[in-house]
Each structure stands twice: as structure tokens, then as C-alpha cells.
Amino acid sequence: MDHAAVVLVVERIIEQFRFLIEERRFSEELYHHGVPRPEKAAQRLFFAVAHAYCKANDLDLTPEADTGNGPVDFKVSRGFSGRVLVEIKLSRNSKLINGYTRQLEAYKQAEETMQGFYVVVDVGHMGDKDVRLMQIRNTAAERGEHASPIIFVDGSRRLSASKL
């Protein structure tokens, strides 16, 4: 399995995570008595999805991989050249912008990989942070820099079909 195949599996993991949160009401697990749980709850849900995909594809999944710049949320790898990072943040995180511009980039440098995904789970208090993140990403891409994808997941609570 080459690097592109690892990236494809990670993209599928993220899409399945998004689907479960948005369409299968897994968003309920992000709250306790109506209040958003800590970021760790979203990370655990992601791990549950990623673990199954990685096992099925014979990939190594390392949560909280620390290579000296602090721990990235997830590293998915197949050998040295097939490393992909995933950082998960809640929309209410005060360092949401910094997490993309500095934190993820530092992790990528430490892991010697260009490939990272920034997953933002919207549990409220987003403000204009989504717009700012996309402006930063687009500006970097326009300058010819490698800009990590940003995936937004709607983590808002949903009514069950019987209450619609």
C-alpha cells in the first residue's frame, strides 16, 4: 500500500466519522446533559471508526503520537513514507485557528510528512472561525504552499425522526 492509498483510507475514515456524527446521531455522544463534552469525546469516537478501518487495511493507528512537539491526535501509517496525521478540534476551542496554522504544521514537520487533515467538529461557538480557517487555507494554496485539508463536521444535536 503506497502513500496515496493510505491517504485514501484516512479520507474514508473521516467521511465515515462525519456520516455517523451527522446522519446517525452519534452527535449525542458529544454532549452530556446538553453541554459539549471535552474534545477527548470526539477523539474517542474517531478512534473507534479509525481502528476498524486500519485493522481491515493493515495500517498502524497511533493515537497521541508524540515525536517531540507534543502529541498529534492520530497518526495512520504504513511504513516510513506512508504517514498521515489527523488533528481533531471542537469549534469552541479558543485555539482553533492556531491549531491549524501552527500545531498541525509542527506535527507534520516532526513526523516528516506533508499530509495532515484538520477535522473541526462544530458543537457551537464557531463564530467566524470557519471562514477564517478557509481563508488561511486558500491563501496558502494560492501561494503554492501545501495546505492541509480542513473538514467540518456538524456536531449539533438532532431530533430523532419520530420527533420531526
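The model is predicted, so local features need pLDDT of at least 70 and side-chain atom pairs count only at pLDDT 80 or more, while totals for chains, interfaces and linings use all residues. Residues are numbered from 1 along each chain as its sequence is written, and side-chain values use heavy atoms, with hydrogens and water left out.

One of the salt bridges joins E28 and R157, with 2.9 Å from N to O. E28 lies in the loop between α1 (3-23) and β1 (31-32), and R157 in the segment after β7 (150-154), so the pair ties together parts that are 129 residues apart in sequence. Helices (H or I, at least four residues) and strands (E, at least two) are DSSP runs, numbered from the N terminus. E28 is partly exposed, at a relative accessible area of 22%. R157 is also partly exposed, at 45%. In these terms, buried means under 20% relative accessible area, exposed means over 50%, and partly exposed lies in between (1.4 Å probe, protein chains only).

A salt bridge also forms between K75 and E111, whose closest N and O atoms are 3.4 Å apart. This pair links distant parts of the chain. K75 belongs to strand β4 (residues 71-78) and E111 to helix α3 (residues 96-111), 36 residues apart. Both K75 and E111 are buried.

Within helix α3, E105 and K108 are three residues apart, about one helical turn. Their side chains meet in a salt bridge of 3.1 Å, N to O. E105 is partly exposed at 30% relative accessibility, whereas K108 is buried at 2%.

Five strands form an open sheet in the order β3-β4-β5-β6-β7, with mixed pairing. Two strands pair if DSSP finds at least two bridges between them. β3 (60-66) and β7 stand at the edges with a single partner strand each, so one side of each is left without a neighbour in the sheet. From one strand to the next, the twist averages 25°. Strand β6 (residues 116-122) pairs with β7 in the parallel sense over five bridges. V121 stands opposite V153 in β7. Helix α4 (residues 129-142) packs on the sheet and touches β6 and β7. Contact means heavy atoms within 4.5 Å. The direction of α4 makes about 160° with that of β7. Axes are lines fitted to C-alpha atoms, for helices over the stretch in contact, and angles run from 0 to 180 degrees between N-to-C directions.

Key:
A salt bridge is a side-chain nitrogen of Lys or Arg within 4 Å of a carboxyl oxygen of Asp or Glu.
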